[in-house]
Amino acid sequence: MEVLMTVEGSARIDRDDVRAGSAYELARAAERRRIAEAKRFRRVRLAGPLALVFESRDTIRSTLEEALRTERVDDPDRVAAELAAFNAVVPEAGQLAAVLFLDVADPADLSAVAAQLGGVEHAVFIEVEGTRARGIPEAVSPPGESAPAHFLRFSLEPGQRAAILAGSAVAIGCEHPDLTVLVELDGDQRQALASDL
């Protein structure tokens, strides 16, 4: 399946792009391998338990197809409703989108780590040529609670986008009282992000 890209960001996912039921089952094994390979370069470990996975139209579409499979949804109206919900998180023109999560081996440790890094979703940024774009959480947890994952949008200025497309260095950072880090992306990671712009 070809991914539709424009010079202004990812195109929305059309109903014709989404496989459900037996159509997805036939393609599922190959699709999961393809997406796993694509996500390999979209994952950025910041420090300790903190990691990001940058999403694209293609990875979001694949997640939608898996969700439809898990929920056994193939009714056209329900597929359309799910499609609308997933399209709401497809990056808009000039944006990158990522899931920020706590990668903790023992689930029993998750709440303690989440409490220690409370508010970390407001402390993550992308740095391109010395300028930063802060990640904006799509939805925040209720007051007093920390979630193990957050959807972030990074709205990039035209100069930042042009620099990424030209191959400039890109770093992902965090400035939180309990975790400060700046990680420079490698060539494959930069290329993965550039393909989203």
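Predicted model: local features only at pLDDT ≥ 70, side-chain atom pairs only at ≥ 80, totals over all residues.
Helix α1 spans residues 22–40 and helix α2 spans residues 57–70. Their axes come within 11 Å of each other and cross at roughly 140°. Axes here are lines fitted to C-alpha atoms, for helices over the stretch in contact, and the angles run from 0 to 180 degrees between N-to-C directions. Helices are DSSP runs of H or I with at least four residues, strands are DSSP runs of E with at least two, and both are numbered from the N terminus.

Residues are numbered from 1 along each chain as its sequence is written, and side-chain values use heavy atoms, with hydrogens and water left out.

Why speak of both an angle and a distance? Two packed helices are described by the angle between their axes and by the distance between those axes. For this pair, α1 and α2 are therefore oblique to each other; angles under 35 degrees count as roughly parallel, over 145 as roughly antiparallel, 65 to 115 as roughly perpendicular, and the rest as oblique. The crossing of α1 and α2 is left-handed, a term used if the near helix is turned anticlockwise from the far one by less than a right angle, whereas clockwise gives right-handed.

Which residues meet here? On the side of α1 they are Y24, E25, R28, E31, R32, R34, I35 and K39, and on the side of α2 they are D58, T59, R61, S62, T63, E65, E66 and R69. Contact means heavy atoms within 4.5 Å. By class, the residues of this contact comprise two nonpolar, three polar and eleven charged. Ala, Val, Leu, Ile, Met, Phe, Trp, Tyr, Cys and Pro count as nonpolar, Asp, Glu, Lys and Arg as charged, and the others, Gly among them, as polar.

Please now compare the next pair. Helix α3 covers residues 76–87, and its axis comes within 10 Å of that of α2, with a crossing of roughly 145°. The crossing of α2 and α3 is right-handed. From α2, the residues I60, T63, L64, A67 and L68 meet V79, E82, L83 and F86 of α3. This contact has seven nonpolar residues, one polar and one charged.

I turn to the salt bridges, each being a side-chain nitrogen of Lys or Arg within 4 Å of a carboxyl oxygen of Asp or Glu. The structure holds 19 of them. R19, E31, R34, D58, R61 and E65 are linked in a network of salt bridges. Within it, D58 pairs with R61, their closest N and O atoms being 2.6 Å apart. These two are three residues apart in helix α2, so about one helical turn separates them. R61 also forms a salt bridge with E65, with the closest N and O atoms 2.9 Å apart. E65 and R61 are four residues apart in α2, again about one helical turn.

Buried means under 20% relative accessible area, exposed means over 50%, and partly exposed lies in between, with a 1.4 Å probe and protein chains only.

A further salt bridge joins E175 and R132, whose closest N and O atoms are 2.9 Å apart. E175 lies in strand β9 (residues 170–176) and R132 in strand β7 (residues 131–137), so the pair ties together parts that are 43 residues apart in sequence. E175 is partly exposed at 41%, and R132 is partly exposed at 39%.

F125 is found in strand β6, residues 124–128, and is buried at 1% relative accessibility. Leaving aside neighbours within four places in sequence, its contacts include R132, F154, A171, E175 and L182. F125 and A171 are 46 residues apart in sequence, yet 8.4 Å apart in space from C-alpha to C-alpha.

Two loop residues deserve mention. R72, in the loop between α2 and α3, has a positive phi near 55° and is not a glycine. E129, in the loop between β6 and β7, likewise has a positive phi, of about 50°, without being a glycine. R72 is exposed at 67%, and E129 is exposed at 60%.

Finally, the whole chain. Its secondary structure comes to six helices and ten strands, and buried residues make up 46% of its 197 residues.
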